[in-house]
Structures are given as C-alpha cells and as structure tokens.
Amino acid sequence: MGSSSNGGAMSGRAPGTVGGVKSSPPPVDKEVDYANYFCTYSFLYHQKDMLSDRVRMDAYYNAVFENKHHFVGKTVLDVGTGSGILAIWSAQAGARKVYAVEATTMADHARALVKANGLEDIVEVIQGSVEDISLPEKVDVIISEWMGYFLLRESMFDSVISARDRWLKPTGVMYPSHARMWLAPIKSTLSDRKKNDLDGAMADWDNFSDEIKSYYGVDMSVLTKPFAQEQEKHYIQTAVWNDLNPLQVIGTPTLVKEMDCLTATVSEIEEVRSNVTSVINGHTTLCGFGGWFDVQFRGRKEDPAQQDIELTTAPSERHCTHWGQQVFIMSNPINVEEGDNLNLGLVMSRSKENHRLMEVELSCEIKEASGNPKESFKKTYFIE
Ligand code: SAH
C-alpha cells in the first residue's frame, strides 16, 4: 500500500446538505471508487513496488515466521491479498486454511502464485470486496497490509475493521496489532524549492496575462487570484513525498495518534485530532513538518507475540520505505533556537470529494524557552 497515487483524481461527489443542515456523507460510489483507487492495484508493476520494499517485506515476514504459534493449525483472513504474498506466508507458517480476499483482478495472479507454490489446498483466493464476501467460518488471524501515506490515506483500514467485526473470532489476533502516527518539525530545502516554483508559476502567469491582453484584447487579471490559489495548493499545500534524513528532524517527534487494531473504530479514524508539543534542538530553521507512521505486531494481551516486530517508516539513514515521509512545508521558514517550544495542533480528516484522500490542518504556536511567544501559523494541507 501507499504508492497508489491516483494523481489526486476526484470522484466529484459532494457532501450531502439537507435544508442547510449537514447530513451524513453520501455512500461511496463503488464504480467511481474502483476507477480512482482500486484499478492501480490490478497491475503487477504496482504490486512489485510493494514486494520490493525490503523494510515492509522483512517486517511482515518476521512477524509471521517468528510467531508461528499464531498460525500453526489456524484459520487466517488476508484482507487485500494483492499478489497473495501474506496469504502464502501464512500457509507456509502452518495455517490450516487461509482466505485471501482481493477486490481487483490481481486475484487471478494471486491464485496462480498460490498454485505454483503448491498451496492451493490451503489458500483460497476470493475475488471481491471484503465487505461483500462471505466466509464459511470465523478466523483466528486477520492479516493485512492496509497502510497508506501518513498511515490513513486510502482509508483501507475501514475495510479491515469491517472484516474484523464480521469474521474475527473473539479470541482472534490482528496482524499488525497496533499503529501510530508521528509528526516532527523539520528543516528542508523543499521550502525554498517550492517557493521558487510558485514564484516562477506566478511570473509566468503575469507574462501570459500580458500577452493575452496585447495580442487578443482580453483582460485576464480577474483570474490572477484564483490561479495563485490553485498554484499555492499545488506547490505548497500538497504534502510532498520525501525520504527525510534523521538530521533533518530538528525537534522531538510527537505521537499524534495511537491505535489498537483490535478495538479501533471507523469514527476514531475518520477525524484524527491531536495537540502535542515538540522542543527544538539547536539553532536552526523550521521549514515545515514531517509525518510518518509505524505499526507493531504484538498479538493480543491474552495471546501475545513470541517475538514483537515493528515496521517503521520513520526517517532513517539506511532504510527508506516506499511510504517515505509526508512533508508539510512552510513557504516562509522561521528561525528557531534550542529549547523553543512548539504547540502543534493537527486535525486530519477525509477529503470531502474523495474519502480516500486526506486534509490535514496544522497549527503551530512557537514560544521561546523563556515562555515568550514568538510566531504562530495555521495552514491546511492535502495528502493526495
Ligand atoms: N497484501 C498485499 C497487497 C497490499 S496492497 C501485500 O502485502 O503485498 C492492498 C491490496 O488490498 C490491494 O491489492 C487492493 O486492491 C486490496 N484491497 C483494498 N481494499 C480492499 C477491500 N475492501 N476488499 C478487498 N481487497 C481490497
């Protein structure tokens, strides 16, 4: 998961409004969702991207094979099996039966892979949305790789929750079992680059507008502001995929969300609100914020993992993942000092036009170590 960028394709749906009162969001249009989201997963090149992410692969591999006691003789549901890899590992670790559910035609490739690896008596590939399919029994384990950029983009965890509530035995275990989201102040040359890009786009608009006026006699200036807003959204407000170096993290990373996959609810992830503090290390320039996630494989309290495994997408010198980090840049970086305190507010919600994309409202109040207020800002970003 994570790199299924749909280029920001929007479904064109609008939130329901009845008599001026905001109603609940409209149901998801399945055809539009397929065109915007699922279709990318039906290509082997995209599955290959995920299968080539060593950090991701090693974490799931170790989680399964170092905790065989959760699999031997057990029933497993793989939500979104893709190429079938997690279902195959579950079977190789000793599962009695694995239901491998995949919404797209990738299910055909998964079936072929299962057969070619001699596991067709154990792994049953079912093509369909996990919300729609029916299983003949409840399962001991739900395994899934559902994480998107900054954990929640793609909103696939909703499907895992639905599968858990319908098909996991009361004693069952979730793989992964826990997930966390992190935010940290960063320095980055992206601020300058994106600001230059934006300035360049506006200079280009001014030339274009002058030319239209002189060649064709039409005054375009009324469109200058909307164009500026459009470009600001493109260059500044859209979170940038980045492979940050730990040295670019200039303050304490803060935990903005922690979740137990066994008990998490959709309403808990539809909107994530957090107020946290971070302390700046050293004299430097605050250029924005980096967001990332980690997940843990710890089993459940009554039936813990023998070996806890963690998959982290934190900035690292050595181990980049295909998720990278999401960078929310500031067009006007701020000089900060050792000990400056940042009060950070985050509200992450789903885009009204496409429930699989995210809007992140970030607010930040900076105080000097002495407590004197320094600067503050607030901006809405988009994870597309
Ligand atoms: N498990 C594979 C693929 C992960 S990508 C691996 O780890 O390599 C997520 C997969 O889940 C995609 O192939 C996508 O098509 C599928 N998927 C997402 N939502 C789904 C749903 N509601 N029902 C069935 N499959 C789903």
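Predicted model: local features only at pLDDT ≥ 70, side-chain atom pairs only at ≥ 80, totals over all residues.
Local features need pLDDT of at least 70 and side-chain atom pairs count only at pLDDT 80 or more, while totals for chains, interfaces and linings use all residues. Residues are numbered from 1 along each chain as its sequence is written, and side-chain values use heavy atoms, with hydrogens and water left out.

Visitor: Are helix H7 and helix H8 roughly parallel or roughly antiparallel?

Guide: Helices are DSSP runs of H or I of at least four residues, and strands are runs of E of at least two, numbered from the N terminus. The axes of H7 (residues 190–216) and H8 (residues 224–237) come within 10 Å and cross at roughly 155°; axes are lines fitted to C-alpha atoms, for helices over the stretch in contact, and angles run from 0 to 180 degrees between N-to-C directions. Angles over 145 degrees count as roughly antiparallel. H7 is therefore, relative to H8, roughly antiparallel.

Visitor: Which residue in S16 is the bridge partner of asparagine 341?

Guide: Strand S15 (residues 341–350) and strand S16 (residues 358–367) pair in the antiparallel sense over ten bridges. For asparagine 341, the partner in S16 is lysine 367.

Note on methods. Parallel < 35°, antiparallel > 145°, perpendicular 65-115°, else oblique. Pairing = 2+ DSSP bridges.
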